Amino acid sequence: MKINFYYYKRPIPYVDGYLLKSKFYRCNYIRFKTLYNRPALGTETVELYNFNPKSKVRASVLILHGLGSRNIKFLLWMGTHLASAGVNSTIVILPGNYTRVEHKSVSGRSYLWPEIKVMYRFWEHAVVDILSTIDLLDQLNLWKKNNCVLGYCLGGMLASIASSMDDRINETVFMATGGHIPKILYKSKATRFARKLFEDGLKTPYYLHDKERLYKTYNEQFPLVKQMSLKELISNEDIHPLFKIDPISYVHLLNKSKITSINALFDETLPLTSRILLSKEMGEANKYLLPITHTGWLPFEYFLAKYILLKLNINDLKSKKLLLKKVKFEVPFLDYLFDIKPKGDKKETES
């Protein structure tokens with residue numbers, strides 16, 4: 001089965017609205033019609049929160065959130081503080097999450113829905129939105145050569161694909177990210193809904209419901225997959241379709257010197273084998289294992305923001321201090337921004 005990450009590149013018309021500003025930056029809410037050719041109902045509009053420094057833009061960072069909604073509010077905090085330090089920071093809301101949940105669904109579910117056609121639709125759409133967001137930032141002269149993509153959980157998985165396809169991405173930071181989708185389907189707490197469907201008798205093409213056969217196929221085919229070029233990986237119809245949305249299939253295509261992997265020792269969401277397998281494929285990349293949980297690091301984002309400055313070669317003391325500075329806003333919209341209600345049911349797949 002083929003996967004299609006192609007989209008027609010062209011100037012992107014957009015609308016934006018000024019949300020708030022502080023002494024150091026201003027935030028715009030930017031929207032444009034997705035360039036993906038078959039979006040699900042409710043996901044047609046790409047939504048960005050762009051935090052633009054008032055001083056000279058020294059670097060750019062694109063932040064990709066995890067499954068669900070709650071982590072997005074923490075990552076918006078990171079955008080405000082990195083922008084204060086001179087980094088244009090963009091948070092893209094991925095299709096199927098937060099305010100872009102598809103009709104009659106819940107936040108994050110479709111990326112792991114146990115049906116290849118459903119998963120492919122959302123992974124394709126998300127990659128197109130990520131790459132076209134970089135197109136728009138480039139168009140606005142906001143994407144600098146000194147840049148970084150930060151991906152948390154699902155965002156990191158998508159970053160592995162996007163970074164292998166676009167040489168405009170300089171550094172890639174994976175935060176609490178795993179691979180080997182069969183392991184995630186059968187061992188992650190985020191996929192209990194899928195296992196319940198299997199227990200209730202769901203039978204799927206490509207035997208997603210057959211754990212032992214799925215694992216065996218992965219073990220047999222993975223040595224071949226990690227020898228493939230990007231073109232071969234995307235077009236090959238003999239390998240299992242899950243490989244085409246699995247980060248372990250793409251990391252061999254990345255420059256390991258430009259990768260950082262930060263994992264949570266006490267990760268309660270991603271299975272241990274999933275994290276180990278992805279880390280192994282990253283080879284000599286920069287790797288850190290921290291004594292935190294999958295979401296426990298979120299209130300302590302300062303340390304990750306500081307590390308991103310390091311990767312962007314911003315090492316002056318003033319910039320580091322600005323990461324900690326309490327920001328006073330000149331318009332009273334922050335509470336509104338952080339209290340936007342996600343679409344869909346209260347129950348959601350959450351990273």
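Colleague: What volume does the second largest pocket have?
Modeller: About 210 Å³. Keep in mind that this is a predicted model.

Colleague: OK, and which residues line that pocket?
Modeller: The lining is made up of Met175, Ile262, Tyr288, Leu290, Ile292, Gly296, Trp297, Phe300, Phe303, Leu304 and Tyr307.

Colleague: How does that lining divide into nonpolar, polar and charged?
Modeller: You get 10 nonpolar residues, one polar and no charged.

Colleague: Which elements give two or more residues to it?
Modeller: β9 and α9, the latter covering 301-311. Of the elements, α9 gives the most, with three residues.

Colleague: Switching to the sheet: where does β9 sit in the strand order?
Modeller: At the end of β1-β2-β3-β5-β4-β6-β7-β8-β9, an open sheet of nine strands with mixed pairing. β9 (286-290) is an edge strand, as is β1 (15-21), and each pairs on one side only. From one strand to the next, the twist averages 15°.

Colleague: And β4 with β6, parallel or antiparallel?
Modeller: Parallel, with five bridges joining β4 (residues 59-64) to β6 (residues 147-152).

Colleague: What stands opposite Leu64 there?
Modeller: Gly151 in β6.

Colleague: What follows α1?
Modeller: Gly86, with a positive phi near 100°.

Notes. Residues numbered from 1 in each chain as written. Predicted model: local features only at pLDDT ≥ 70, side-chain atom pairs only at ≥ 80, totals over all residues. Heavy atoms only, no water. Pairing = 2+ DSSP bridges. Helix = DSSP H or I, 4+ residues; strand = E, 2+ residues; numbered from the N terminus. Axes fitted to C-alpha atoms, helices over the stretch in contact; angles between N-to-C directions. 1 Å grid on protein atoms, 1.4 Å probe; cavity = no way out; pocket = protein on both sides within 12 Å on 5 of 7 lines; lining within 4 Å. Points joined across faces, edges and corners; volume = space filled by probe spheres on them. Nonpolar A, V, L, I, M, F, W, Y, C, P; charged D, E, K, R; others polar.
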